Amino acid sequence: AAALKSEGANCVFVDEAQFLQSEQVMQLSRAVDYLNVPILCFGLRTDFRGALFPGSERLLAIADEINELKTICHCGRKATMNLRMDSSGRAIIDGDSIEIGGNERYTPLCRKHFYEKLSDAANQPKAS
């Protein structure tokens, strides 16, 4: 906060805001409220299991305004979920909530296709 005040920042952009901790989101909100610095956060709502990231959960709870950037599933519906895939394109259903990767690891899907892919993966025999 002191750096914002002394440097005279006009605006702050935060990318990958889903990785923020709840307290960091609260610190940003105090900068908005007490330093009058607009802060724009961009990030995902949910992880590859469909669970809210802690940073996203807090942002959704206290944000002054929420604007959704829409992505489309292969079927044409709004993609609200992020499927994590292995190198063969199969859904991954276990693992750490945070794993860095781009289009080679994640694909946006609508809820229907997301849960279909998770169900298919859960019913596949484990590779040995």
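Q: What do the buried residues of α4 pack against in this predicted model?
A: They pack against β5 (81–84) and β6 (106–109). The model is a predicted one, and the residues in question are His113, Phe114, Leu118 and Ala121.

Q: How do you know that the buried residues of α4 line one face of the helix?
A: Look down the axis of α4: the buried residues fall within an arc of 135°, so one face of the helix is what they line.

Q: What makes the span of α4 agree with its number of residues?
A: Helix α4 covers residues 111–122, which is 12 residues, and at 1.5 Å a residue it should span 16 Å. The expected span uses one less than the number of residues.

Q: Which residues does Phe114 touch, leaving aside its neighbours within four places in sequence?
A: Phe114 is in contact with Phe48, Arg49, Gly50, Met81, Asn82, Leu83 and Leu109. A contact here takes heavy atoms within 4.5 Å.

Q: Why is a set of residues called a nonpolar core?
A: Its members have to be buried, of a nonpolar kind such as Leu, Met or Cys, and joined through side-chain atoms within 4.5 Å. The largest such core has 11 residues: Cys73, Ala79, Met81, Leu83, Met85, Ala91, Leu109, Cys110, Phe114, Leu118 and Ala121. Helix α4 gives the largest share of this core, 3 residues, and β5 and α4 each supply at least two. Another core, of 10 residues, lies apart from it, with Val12, Val14, Leu28 and Ala31 among them.

Q: Are Cys11 and Cys75 buried, exposed or in between?
A: Cys11 has a relative accessible area of 32%, so it is partly exposed. Cys75, at 37%, counts as partly exposed as well. Buried would take a value under 20%, and exposed one over 50%.

Q: Why is the pair of Arg30 and Glu23 called a salt bridge?
A: The closest N and O atoms of Arg30 and Glu23 are 2.8 Å apart. The cut-off is 4 Å, so the pair qualifies. Arg30 is partly exposed at 37% relative accessibility, and so is Glu23 at 42%.

Q: What makes the pair of Glu68 and Lys78 a link between distant parts of the chain?
A: The side chains of Glu68 and Lys78 meet in a salt bridge, at 3.0 Å from N to O. Glu68 is in the loop between α3 (54–62) and β3, whereas Lys78 is in strand β4, 10 residues apart. Glu68 is partly exposed with a relative accessible area of 42%, and Lys78 counts as partly exposed at 35%.

Q: How many salt bridges does the structure hold?
A: There are 4 of them. One of these joins the side chains of Arg90 and Asp86, at 3.1 Å from N to O. Asp86 has 21% relative accessibility, so it counts as partly exposed; the buried label would need a value under 20%.

Q: Where does Arg77 lie, and what does it touch beyond four places in sequence?
A: Arg77 is in the loop between β3 (71–72) and β4 (78–79). Its contacts are Thr71, Ile72, Cys110, Lys112 and His113. Arg77 and Cys110 are 33 residues apart in sequence, yet their C-alpha atoms are 6.1 Å apart in space. At 41% relative accessibility, Arg77 counts as partly exposed.

Q: Which helices and strands does the protein chain have, and in what order?
A: The chain has 4 helices and 6 strands, running α-β-α-β-α-β-β-β-β-α from the N terminus.

Definitions and conventions
Residues numbered from 1 in each chain as written. Predicted model: local features only at pLDDT ≥ 70, side-chain atom pairs only at ≥ 80, totals over all residues. Heavy atoms only, no water. Buried < 20%, exposed > 50% of the residue type's maximum accessible area, 1.4 Å probe, protein only. Arc of directions from axis to C-beta.
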